[in-house]
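Please consider the model shown here, with attention to its sheet, its nonpolar cores and its helix packing.

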Amino acid sequence: MGPASASTLESDPNTEIIDLAGHSVVPGLSETHSHIVWAAESEYHGEVFIPKSVRELLDYTSERVRALKRGEWVYFRNTYPTRLEEYRYPTLEELDAVAPENPVFIDGAYAGQANSCALAVAGIDENTPQPPVGEIVQDPVTRKPTGLFLRSQSLIARHFPGFPQVSEEERLQAITEVARRYNQLGITSVIEGWTTPTTIAAFNELYRRGALTLRMTYTVFPDAAQPRERIEEHVEEMFSLVETPCAWGKIRFLKSTVDGGILTGTALMRKAYGLRGDLHQKVFGHTDPGFRGVQTYDVDSYVRAGEVAYDLNLQMTAHCVGDAALDILFEAYRRIDESRPITGRRFSAIHGDFTDRATLEFMAEKGILNLGQMAWFYKDGAILSRILTPWAIRNFYPLRTMEELGVVSAGGSDHMVKWDSFESVNPYNPWLGMYAMVTRQTERGGVLVPEERISRESALRQYTRNGAYATFDEDAKGSIEVGKLADLAVVSGDYLTCPEEEIRGIRSLLTMVGGKIVYSEGFAVGEGGRS
């Protein structure tokens, strides 16, 4: 990758030439796991407050309840103990002290912490039976709920009346704004991680208006516990909704979910969270030292879903964070492979945080992809390295080993809430992801497993060629070659030679999708794109 030279290109009088003044050009970047519509809607009505410490959270709650009526909710979305300065959630007592008459809930997506008022609204006490999946955490002596819900947070969340809704037109405005921010970073393609009819309708309409600036790939998410016929019906219904050309919107993935999340201590691990000591109790609120995480369905469910995906020419994938969760998913893939050879079908694991060599060898053998989010490593690696076993941390996104064994890994973020690329949950800035891949630096704990660093070229490949490969689009995009789509970005710094610390500050100065300029900064681009 280096400065483009017009003298090396064939041209004719109709060729449009933009003088890049020595700046480097990269292929358009792929974001392989984003909840872009959720994220877009999250801040349409105003900025979302995500606390960075327990003190911030409690102060905010105290201030909010003064402006609320008794019984009105204070609800924190996508807030995780690993991201708080104290590395823990507030206790039930701390929340009660600042909000005795208002329900408060801290939603961590795969866990959550409630106050006493929220428990009362939900009718949950020491006599409430445990849910089939997850746990209502109880005090080991009194058996009273502590307010913590592990992978069962919906027992509280379903009583929350919800955030302000957006109209169809407002949704389009919100998506357009977030798409602009993606383009500003050089992102031109997105795999949407949980696609609904509303999602498809929005992108259909943006395409009709000529306002779509991202190439979209959709992920259907049927209930894997349903009979095969119902799963097939769900997929077929979703297929019928897509109205764009395949280059702008297509369904490629059928998804399920295996476990919880590592940021809440609910990912399914081979080794117990308490194996190294009791820090997991402080951070995650576990009361059982033998707790290993949660499992959503049995293996048969994933086999059934995978067979439907195979027969409908889709790629099976699953939310799968812990190493034991990968064991379950890959056992399903082994069973599917007995009657439907999966090599070449590009099945994958979403997240796949902890992969040992044997797991990676199986992935390489069967062509299974990993759709990872290196921002988790950067944001949460410091505290996780103190809780999980050294063996688990050694296998926390071992990207060099993946590369050596031939496992294709593609970069993404799991962006869910907020518009800012660094402050969002989770940070979707691809240059931050590349910085973490190259340095193995964590935000609060130094370097982890430096031997798994990869080169700058390899890190960029995760967001370009590998991203295109993940959706069977490597012949159309992912590199700058004659005959491919003109998706590219002119970037602000020389990615290959700049100091490492400058990588995460790179942005796009000009982004093209299909030869059309969708974002421009710093270039005097005239009519028709000429400079």
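The model is predicted, so local features need pLDDT of at least 70 and side-chain atom pairs count only at pLDDT 80 or more, while totals for chains, interfaces and linings use all residues. Residues are numbered from 1 along each chain as its sequence is written, and side-chain values use heavy atoms, with hydrogens and water left out.

An open sheet is built from four strands in the order 1-17-18-19, with antiparallel pairing. Helices (H or I, at least four residues) and strands (E, at least two) are DSSP runs numbered from the N terminus, and two strands pair if DSSP finds at least two bridges between them. At the edges are strand 1 (25–27) and strand 19 (516–520), each of which pairs on one side only. From one strand to the next, the twist averages 20°. Strand 18 (residues 508–513) runs antiparallel to strand 19 and is joined to it by four bridges; Thr-511 has Tyr-519 in strand 19 as its bridge partner. Helix 6 (residues 168–184) packs on the sheet, where it touches strand 18 and strand 19, and its direction makes about 90° with that of strand 19. Such angles run from 0 to 180 degrees between N-to-C directions, and axes are lines fitted to C-alpha atoms, for helices over the stretch in contact.

A nonpolar core is a set of buried Ala, Val, Leu, Ile, Met, Phe, Trp, Tyr and Cys residues joined through side-chain atoms within 4.5 Å; buried means under 20% relative accessible area, exposed over 50% and partly exposed in between (1.4 Å probe, protein chains only). The largest such core has 134 residues, and Leu-254, Ile-262 and Leu-388 have the most contacts inside it. Helix 11 (residues 323–339) supplies the largest share, nine residues. Apart from this core lies another, of 14 residues, including Trp-73 and Phe-105.

Helix 11 also packs against helix 10 (residues 299–311): the two axes come within 8 Å and cross at roughly 50°.

Finally, Gln-462 lies in helix 17 (residues 456–462). Gln-462 counts as buried because its relative accessibility is 6%. Leaving aside neighbours within four places in sequence, its contacts (heavy atoms within 4.5 Å) include Leu-399, Met-437 and Ile-454.
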